[in-house]
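Please open the model in a viewer and keep the selection tool at hand.

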Amino acid sequence: MKEIKLFDVFGVFADNKDIAQKIRTEQIIPALKDEGTVTLDFAGVETATQSLIHALVSDVFRIYGGDVLERISFKNCSESIQKVIEIVVDYMQES
Amino acid sequence: MKVHLPNSAFLGNIDPFLKSIDISEPGTLVVSTHPTWVSVHPMVLSMLAALAVKVGKENATFENVTARSGHYLQRMGLFNFFGTCPKFDINEHDPSGRFIPIAQIKTQEESTTFITEMIPMLHLPHTWQADAIRHIVSELVRNVLEHAETTDGAFACAQYFSSSNTIRIGIADTGIGIRRSLSRSHQTSDHLEAIKLSLFPGITGTTRREGGTAQNAGAGLFVIKSIAYVNRDLFLAYSGDAMFKLLRRGRKEEETVVLHANPNLDNHSTTDNLPTWQGTVVGIDISLDSTEEFNAILEMVRSTYGKAIRERKEERYKHAARFIN
């Protein structure tokens, strides 16, 4: 079980896609191997751009499919972050 | 190039100003102003700064300003980009609550810092307005850094206008423009078609694949246009010789707000015979009187986005097999 505290890297406003890419490739995807689970903890982060959330998780859907939602959790999300995550999750499953 | 700043150039009446830009002699820039009053959208200031950096400070001249608003242009930092320019004696008081001077942003870190510092200065009454503005500026600047292919970066500034209780934001670059950026994955017949295509959800120059690449979804401009549409704000994109301007929704539509994935269905105006802007310019007005919260807009974006992808897939696979004897 891997928990990633995003405030530590993004601060209150998460918009740096370069950092998101690094987290995705170096932490999220490796942690999901072998049926592992990941929790993305947004405590302290006020808002995140759609591009940031896309860079953080979209590739995970491509690799593992929609079932990966059983193994990835989004914790302590503000309402706007929750909405943005829902947008990305929806269109990744539609596409 | 020659640019004359009129007494008024905001998104609603900006067309004559854009048409008046003289793009001959691209190695120099000379800016003149209306003799008594100059009041322009921040987008105009971002454009001038971008042009001045492109031609080089030594080739950028800002002619003497007789209008009292010359102080304003100096305070917005516009003259910093010009080798020859007027000087005004002003008290550089704290800009809080009024304006964000022009910033040249070349890196993601500079973008994050710019946005983080600008939000408290705007004294926004609601958190959701801050969220919306952060989202807008971040996505626009990131578009420049990722897709414009210019080392000059993005030029951004903003101002609060108390008379309309509106924050106006302008971002400009002198990169490759929307059409060339999209052309890696989407062929378009002209700049206007490219601008419109870029406003569809899920359209990015990085791939034709639905859902985008690992780094790009092609949703940024659609989200920004949606924020403007729902709140009855103006939004403008200018690239190449074309401009798309989202106009305010009519009051008749007040009760049922429906987002359109297709920008042709929005109340808008277009022009495709403007002086060619090498790059992209975006201007947006955010009314602080708006009542539609950012989260509600995101919910609308969510449903419209999903529907657009489904429709595109249906369109793609609607062809039936043809059987012949």
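A residue is called buried if 20 or more other C-beta atoms lie within 10 Å of its own, exposed if 12 or fewer do, and partly exposed in between, with C-beta atoms placed from the backbone. By this rule, 41% of the 95 residues in chain A are buried.

The model is predicted: local features need pLDDT of at least 70, and side-chain atom pairs count only at pLDDT 80 or more, while totals for chains, interfaces and linings use all residues. Residues are numbered from 1 along each chain as its sequence is written, and chains are lettered from A and ligands numbered from 1 in the order in which they are written.

**Select chain A.** Its C-alpha atoms fill a box of roughly 30 × 25 × 20 Å, taken along the principal axes. The radius of gyration is taken over C-alpha atoms, and the globule rule is 2.2 Å times the number of residues to the power 0.38. Chain A has a radius of gyration of 12 Å, which agrees with the value near 12 Å for a compact globule because the chain has 95 residues.

**Colour chain A by secondary structure.** Helices (H or I, at least four residues) and strands (E, at least two) are DSSP runs, numbered from the N terminus. Chain A has 4 helices and 5 strands, and from the N terminus on they follow the order β-α-β-α-β-β-α-β-α.

**Select β1, β3 and β5 of chain A.** Two strands pair if DSSP finds at least two bridges between them. These strands form an open sheet of 3 strands with parallel pairing, in the order β1-β3-β5. The edge strands, β1 (2-5) and β5 (72-75), each pair on one side only. Between β3 (residues 38-41) and β5(A) there are 4 bridges in the parallel sense; A:Val38 stands opposite A:Ile72 in β5(A).

**Move to B:Asp131.** This residue lies in helix α5 (residues 127-147) of chain B. Is B:Asp131 buried or exposed? B:Asp131 is buried, because 28 other C-beta atoms lie within 10 Å. Two residues are in contact if their C-beta atoms, placed from the backbone, lie within 7 Å. Not counting residues up to four places away in sequence, B:Asp131 touches A:Thr47, A:Ser80 and B:Phe294.
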